Every structure is written in C-alpha cells, then in structure tokens.
Protein chains: 2
Amino acid sequence: MQKITSGASVKLTGKLTKSAGEGQEWDFNVKELEILGLCDPAAYPIQKKTHTHEHLRANAHLRPRTDETSAMLRTRALLSRAICDYFDSEQFIQVHPPLITSNDTEGAGETFRVIPASEPPEPELSALDVSTPGGKPEFFGVPAHLSVSAQLHLEALSHSLSRVYTLAPSFRAERSQTNRHLAEFWMLEAELQLSTPSLGPVLDVVEGCLRSIFDAYTRSTDAMVRFPEAKAARHALESEWRRMSYTHALEELNIAHDQGVFIKPTGKGKGKDIVPRPVWGQGLRSEHERYLARDVPIFVTDYPADIKPFYMRLNEETSTPPTVACFDLLLPGLGELVGGSVREERLDYLDAALKQRGMDLDELAWYRDLRMYGASPHGGFGLGFERLVSFVTGLENVRECIAFPRAFGRMKV
Amino acid sequence: MQKITSGASVKLTGKLTKSAGEGQEWDFNVKELEILGLCDPAAYPIQKKTHTHEHLRANAHLRPRTDETSAMLRTRALLSRAICDYFDSEQFIQVHPPLITSNDTEGAGETFRVIPASEPPEPELSALDVSTPGGKPEFFGVPAHLSVSAQLHLEALSHSLSRVYTLAPSFRAERSQTNRHLAEFWMLEAELQLSTPSLGPVLDVVEGCLRSIFDAYTRSTDAMVRFPEAKAARHALESEWRRMSYTHALEELNIAHDQGVFIKPTGKGKGKDIVPRPVWGQGLRSEHERYLARDVPIFVTDYPADIKPFYMRLNEETSTPPTVACFDLLLPGLGELVGGSVREERLDYLDAALKQRGMDLDELAWYRDLRMYGASPHGGFGLGFERLVSFVTGLENVRECIAFPRAFGRMKV
C-alpha cells in the first residue's frame with residue numbers, strides 16, 4: 001500500500017458537519033480517500049521538524065506550505081484588503097503608476113536599469129529616433145529604470161483626481177544584506193490635495209489608515225491569518241500617538257542623554273558604550289529613533305532641509321538653517337514605517353531646491369509643469385508594506401514577510 | 001485683476017446644500033474664492049478644444065485632467081475593486097508574486113533584463129559568489145528578468161493556499177506598436193486547485209469574475225466613472241456565453257467559409273479579399289476570432305499541443321495530433337481577453353513537454369518540485385487589465401487605458 005506522508009496531496013470525499021465536541025467548529029467524516037500525489041519523505045525538503053529561515057528561503061517554492069509562511073501570506077491579503085477599504089471609504093482613488101520610469105525620485109542612484117534582453121533587429125534601429133551615449137539604442141528612447149517611488153507620478157494624478165493611492169512594487173538596488181531591506185518590495189503610497197500647505201491632514205490620513213489596518217488585524221478571528229499575540233498592533237491601537245518636531249525631538253534626546261539613558265555598561269569590565277549626542281542638521285541614529293518610539297508611535301516632523309530631497313516644502317518660519325514640512329513615523333520595536341511630506345508647490349522654491357542639488361531642470365520639466373499650470377498645495381507619503389507585515393506579525397526579517405524575497409545575491413526561485 | 005482660466009487651481013469656501021432645481025443634486029454657494037495657482041492659457045498644453053490622443057499622450061502628466069482620462073482612471077479603480085470583491089467572496093487569497101525573476105514563463109525571449117544602474121564597488125565583487133558568462137557579476141547571482149507572467153509562482157502558492165490571485169504589472173519587450181500591446185501592462189492572474197484535472201471549473205471562475213465585474217460597472221451610478229453607454233459590458237452580461245473546442249470552432253469556421261462569410265468585395269473593382277481557411281494545428285487568425293465572438297463571448301478550448309506552452313495539460317483522449325486543456329476567451333469587438341489552462345501536474349508528461357521544446361529541466365527544477373512533492377491537479381488564467389478597461393470603456397487603444405503608457409520608443413513622462 002502507498003504511504004501518505006507529510007507533503008502528499010490527497011482528495012477526501014465525505015460529509016462536513018457541525019462539531020459536537022469542543023475545540024473545533026467542524027467535523028469531517030471521510031468516506032473516500034484518493035491519493036493525488038505522493039511525497040518521498042527522504043527527499044522532501046520540508047520536514048516536520050523546525051527548519052532555519054535560511055533553509056526555507058532556499059526552498060521558497062515550498063516554504064508557503066509551512067504554517068508560518070502561509071499565515072504570513074494570509075496576513076498580507078488581510079492587510080491589503082484593509083488598506084483598500086480604508087482609502088476607498090476616504091474617497092481616495094486607487095491608481096496604477098508606472099514601474100518603468102525615466103526618473104529616479106530620490107536622486108540616490110541605487111536603481112535598476114531596464115534593457116531589452118535581445119538586441120533589436122537592424123532595420124528597426126534607424127526607425128527609432130534615439131541618441132543616447134554609448135551608441136546603443138534605448139528601447140524607450142531614454143534610459144529606463146525601475147521605479148524607486150511612484151510619488152512624482154502620483155502628484156500628477158492627484159492634480160486630477162484629488163486623492164489617490166497605490167499598493168505596488170518598488171525597487172532599490174541596495175547591496176546591503178540587512179533584515180530591513182529588499183531589492184523588490186511593496187509600497188503603499190498616497191497623495192492628496194490640501195486646502196492649506198500644512199502637514200496635519202497628511203499625518204491624519206497616515207494615522208487613520210494604520211489604526212484602521214490594526215483594527216482589522218486584531219479583530220480577525222481567522223486562526224490561519226493572525227499571529228497569536230498581535231501585541232504590537234493592539235498596543236499601537238490603544239496608544240495616543242505623538243507628533244513632535246525634529247528640533248523638539250533633539251531636545252528630548254539631549255535630556256535623555258543628561259539622564260544617562262544612552263550610556264550602557266558593556267560586560268567584562270570593558271567600560272561603557274556611549275551613543276553620541278544628536279547633532280542638529282544630521283539624520284537621527286537608530287538608537288535615538290528607538291528611544292523616541294520607546295512607548296508609543298511618534299511622528300517626527302520638520303527635518304532640516306539639507307538632509308531631505310528636493311520635493312519637500314520649505315517651512316515658512318525663518319528658522320536658520322531652514323526646515324521642510326516632512327515627517328517620519330516611528331513605531332515601537334520597528335523604527336521607521338512611513339515617510340512623507342507636504343510637496344513644494346511653489347515653482348521658484350522648487351527650482352531653487354533643484355539647482356542647489358545640482359539637478360537638471362529640463363529632466364523634470366513635466367514635474368515642473370504641475371507647478372506651472374494650476375499649482376496647488378498637496379502632500380503624501382510612502383509606507384513599506386513588508387515592514388508593516390513585520391510589525392503586525394512579529395517576523396523580524398522582511399525576507400520572511402514576502403513570498404519570494406529578492407535581495408542582493410539571493411534569487412533562488 | 002488676475003484671470004482664472006482653464007487649468008487654474010482655486011479654493012472655494014461656501015455652503016453645500018441640496019439642490020432645489022432639476023438636473024443636479026447639489027448647490028454650492030460660494031462665499032470666498034482664493035486663487036491657488038494660475039494657468040497661462042497661451043502656454044497650457046490642454047485647451048478646451050478636443051486634442052488628438054497623440055498630443056495628450058505626449059502630455060501624460062496633464063492628460064489625467066481631461067474628462068476622458070479621469071473617467072478612465074476612475075473606471076480602473078472601480079474594476080480593481082470589483083475584481084478584489086469577487087475573488088475575496090470566492091475564498092481566493094490575494095498574493096504578491098515577484099516581478100524580478102530568473103525565468104521566462106513563455107520561453108519567448110521577449111523580456112526585459114534587470115541590471116543595477118551602477119557597478120558594485122570592487123571589494124563587494126568577491127563577496128558575492130557568482131559565475132556568469134561575460135565575467136560581469138549578476139546582482140542576483142543569475143540573470144534577472146522582468147516577469148512576463150506570475151503563473152509559475154502562483155502555482156507554487158496555490159499548492160499552499162489553494163486559490164490565489166494577483167493584480168500586478170507584467171512586462172513584454174515587444175517592438176510592435178499596435179493599439180493592443182504595451183511594454184508594461186497590468187494583469188489579473190489566478191490559480192486554483194481542482195478536484196479533477198478538468199477545464200470547467202476554471203472557465204466558471206473566469207465567467208463568474210467577468211460577470212461580477214460587468215455587473216459592478218453597469219450598476220455604477222457615478223457619472224464620473226462610467227462611460228455613458230456601457231453597451232459592451234451590458235450586452236456581455238445579458239448573453240449566454242459559449243464554450244467550444246478548437247476543433248469544433250474550425251468546423252464552424254469552415255461552414256462560414258462555405259457560406260461566403262469571409263469573401264468580401266473590395267471597392268473600385270479590385271476583386272475580392274479572401275481570408276484563407278483555418279488549418280488545424282495553426283493558431284486562429286484575428287478575422288476568425290472576430291467571427292467566433294461576433295455575437296456573444298466564447299471560450300475556445302483544447303488547442304493543439306504543438307502551438308501551446310510546455311505547462312498546459314495534455315488531454316487524455318487519444319486525438320492525433322494531441323491537444324491540451326487550455327482556453328482563450330474571445331469577446332465581441334475586442335478579441336482575446338483571457339487565456340488559461342489546466343496545468344500539467346504529471347511529472348513525466350511535464351518533462352516530456354520540456355524536452356520536446358529543448359528546454360533545460362534543471363532551470364525549472366523548483367517548478368518540477370511542485371510535481372515531485374504532492375502533485376495535484378490545478379489550473380489558472382491571465383487577463384489583460386488594460387484590454388478589460390478598453391472593452392468596458394470603448395477606448396480602442398490600450399495606451400488610452402493606462403495612466404502612463406509604456407511602449408517601444410515612447411516614454412515621455
């Protein structure tokens with residue numbers, strides 16, 4: 001007789017009835033059993049014993065069959081649904097910006113290039129009017145990249161549809177192999193028109209969206225979906241979220257430094273491990289971010305203009321050096337989940353920011369057009385979907401938060 | 001005084017009241033008007049007069065401000081929502097397969113390659129164990145492509161979650177510039193486990209999904225969403241859809257040929273334009289597809305194995321030459337909208353199909369694993385989202401059915 005082992009496929013025919021016993025809702029009385037596909041236990045890479053995450057990643061095509069990964073996948077579906085429900089109820093329109101693009105939003109250079117796998121046949125070369133350096137014709141006439149953010153295109157769409165959002169892949173050619181970075185990750189991005197150029201309404205949408213998502217997650221009764229504790233989401237739901245400017249955050253951090261919070265004795269008489277004090281004008285260290293978000297979620301706003309991208313709106317008050325109307329949302333135990341800003345809608349300010357960064361105004365001509373023709377105050381944000389999955393499930397590595405992770409040197413399936 | 005012209009942004013403050021008059025639901029009594037951004041009518045590329053589609057495509061960042069494009073964008077959102085509603089109600093799980101992949105599902109070679117925009121710094125070269133031809137290190141260790149279909153990964157996920165779907169971008173490096181092809185397009189793909197390896201349940205899902213979408217579209221009362229007629233969707237809803245094998249379709253076509261359907265007089269005494277009769281073993285000509293779908297939607301099933309990809313399931317009946325359990329759904333006025341099949345779950349049959357096509361078994365080792373370990377009957381399909389948008393809106397060119405179209409030589413914004 002053939003032996004049914006873990007991993008085999010069977011077809012069961014029988015009767016499903018409400019369970020009389022405790023601990024389960026249904027009974028299934030099997031009348032017929034048909035073996036569809038056997039599974040050799042000696043060869044099958046997924047055994048009943050606990051595997052390392054590395055082993056499972058190397059078998060990404062079979063990993064969904066484990067309880068942890070299938071629960072994670074069901075969680076992604078639940079979160080996706082909650083996102084759409086929230087934005088639809090708030091009159092946002094779901095849109096589909098392009099993933100192949102000619103611009104690199106952050107100007108950071110960590111992008112992927114897109115080229116056709118095969119060279120075009122000779123007669124077609126001349127048919128396409130291209131003049132790129134190196135003499136090779138570009139498929140799209142200009143160098144094509146994979147999108148690092150849909151923001152600029154969302155801004156264009158927002159000038160028509162007012163409130164827009166998208167949940168779609170983004171790409172960064174990062175060569176670091178951390179548990180927080182993927183080369184291909186999903187991002188929720190939203191953009192909305194504002195009646196005045198202030199950050200408040202943008203933060204309200206971020207907080208409203210996340211509370212709505214956490215609510216859906218903690219209310220789910222599907223044992224196959226929810227990671228048992230859901231502690232992080234529940235705690236965030238019950239908390240009052242803070243909003244604090246970068247400058248005030250530095251004051252709070254300096255007080256903590258005075259109190260010795262960042263001086264930690266290291267073992268074996270090696271002395272003390274001291275985190276340097278924050279310096280106005282520099283980004284926040286992860287230790288400082290962790291401290292600011294130690295208890296409850298916190299929006300840190302109005303960072304120095306010099307460390308932020310060209311598209312963020314310069315604040316009116318004449319602080320020297322200047323700040324921009326932007327924010328990071330930091331969550332307890334996770335760090336940054338969301339980043340966003342009011343966008344610079346004033347053409348003269350935008351041009352000054354571009355020039356200061358040595359960027360080409362002509363390359364962003366279409367983006368400047370949005371300010372030229374009917375400029376209006378607007379803002380938006382981006383949320384890393386796998387980090388959200390990590391936060392609610394407690395799976396620490398984002399590679400465990402997506403079905404087929406893509407990172408430097410790791411594509412196996 | 002400043003002049004408000006088409007394209008300008010204004011902020012209106014006032015009172016919204018139920019309209020007493022006819023023809024509109026609301027009145028807005030403006031108390032204050034503030035100009036946010038003016039728009040120079042001499043320079044603004046979007047005038048009140050009707051523009052050509054070419055002109056609007058060249059101004060894709062402003063095109064969403066036209067009635068036609070904003071209605072199309074709202075339609076995309078409505079259709080996306082209807083898709084999720086249908087699949088969620090049918091216990092499908094929404095999943096997010098990778099867009100960067102090492103395989104080329106169709107084996108057609110019309111793919112995009114993905115490479116990092118910048119070379120890695122020297123020290124990192126040696127850190128990554130790569131050995132690709134040409135000596136250049138691959139970011140992912142193997143050549144990376146943009147996905148032409150999520151099918152193979154969906155099959156892996158379906159072996160865990162049973163019923164899965166995704167709405168995500170796909171990419172084809174097609175150099176043809178037709179009104180039916182984009183280099184980047186969105187695709188609905190679904191995969192489901194079957195209790196027997198038959199096509200019927202797959203067709204039921206396709207028809208159920210589309211009827212549900214058409215129903216949502218025709219029921220929408222939002223004037224900003226729906227293109228006025230919605231004739232095509234309404235007609236499809238009211239029709240009984242046909243299901244017919246390729247072999248029977250050829251019989252029907254031959255009868256039509258006998259009746260002279262495909263002989264058309266061409267003007268000015270130039271004689272007659274004759275469509276060649278169909279030949280068993282070859283694909284269907286577009287004229288023949290149009291005829292088959294002249295009145296109602298039709299599923300054409302069971303095509304010859306030789307003209308179909310390796311993964312389609314060989315039919316049991318010993319027809320010579322053999323056919324596979326696949327289908328195309330043809331819609332009146334549109335042609336092919338959906339293609340799908342039962343997948344070959346028998347490892348020996350799969351291997352024979354791969355070998356016959358000269359394909360490398362090792363490259364698809366992970367896909368073969370799905371048959372090695374607990375094989376089970378399953379099937380699925382792919383639906384071109386922009387073609388669906390084209391069908392319901394009546395916008396003939398798919399470039400008018402997506403916000404920022406990507407095609408050979410055409411990326412402007």
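In chain A, the loop between β1 (9-18) and β2 (26-37) holds A:Ser19, where strands (E, at least two residues) and helices (H or I, at least four residues) are DSSP runs numbered from the N terminus. At 17% relative accessibility A:Ser19 counts as buried, a term that means under 20% relative accessible area, against over 50% for exposed and partly exposed in between (1.4 Å probe, protein chains only). Leaving aside residues up to four places away in sequence, A:Ser19 touches A:Gln24, A:Glu25, A:Trp26 and A:Asp27, contact being heavy atoms within 4.5 Å.

The model is a predicted one, in which local features need pLDDT of at least 70 and side-chain atom pairs count only at pLDDT 80 or more, while totals for chains, interfaces and linings use all residues. Residues are numbered from 1 along each chain as its sequence is written, chains are lettered from A and ligands numbered from 1 in the order in which they are written, and side-chain values use heavy atoms, with hydrogens and water left out.

Chain A has 11 helices and 15 strands, and its C-alpha atoms fill a box of roughly 80 × 75 × 50 Å along the principal axes. Of the 413 residues in chain A, 54% are buried, and among contacts with a separation of 6 or more, 69% are between residues 24 or more positions apart.

| Partner of β12(A) | Bridges | Sense | Residues standing opposite |
|---|---|---|---|
| β9(A), residues 242-245 | four | parallel | A:Arg243 and A:Phe299 |
| β13(A), residues 326-331 | four | antiparallel | A:Leu330 and A:Ile298 |

In a regular strand the side chains alternate between the two faces of the sheet. In β12(A), A:Ile298 and A:Val300 point one way and A:Phe299 and A:Thr301 the other, and all are buried.

Two packed helices are described by the angle between their axes and the distance between the axes. Helix α2 (residues 67-89) and helix α5 (residues 200-219) of chain A pack at an angle of about 135°, with axes 9 Å apart. That angle makes α2(A) oblique to α5(A), since angles under 35 degrees count as roughly parallel, over 145 as roughly antiparallel, 65 to 115 as roughly perpendicular and the rest as oblique. Residues of α2(A), including A:Leu78, A:Leu79 and A:Phe87, meet residues of α5(A), including A:Val205, A:Cys209 and A:Ile213.

How values were computed:
Pairing = 2+ DSSP bridges. Axes fitted to C-alpha atoms, helices over the stretch in contact; angles between N-to-C directions.
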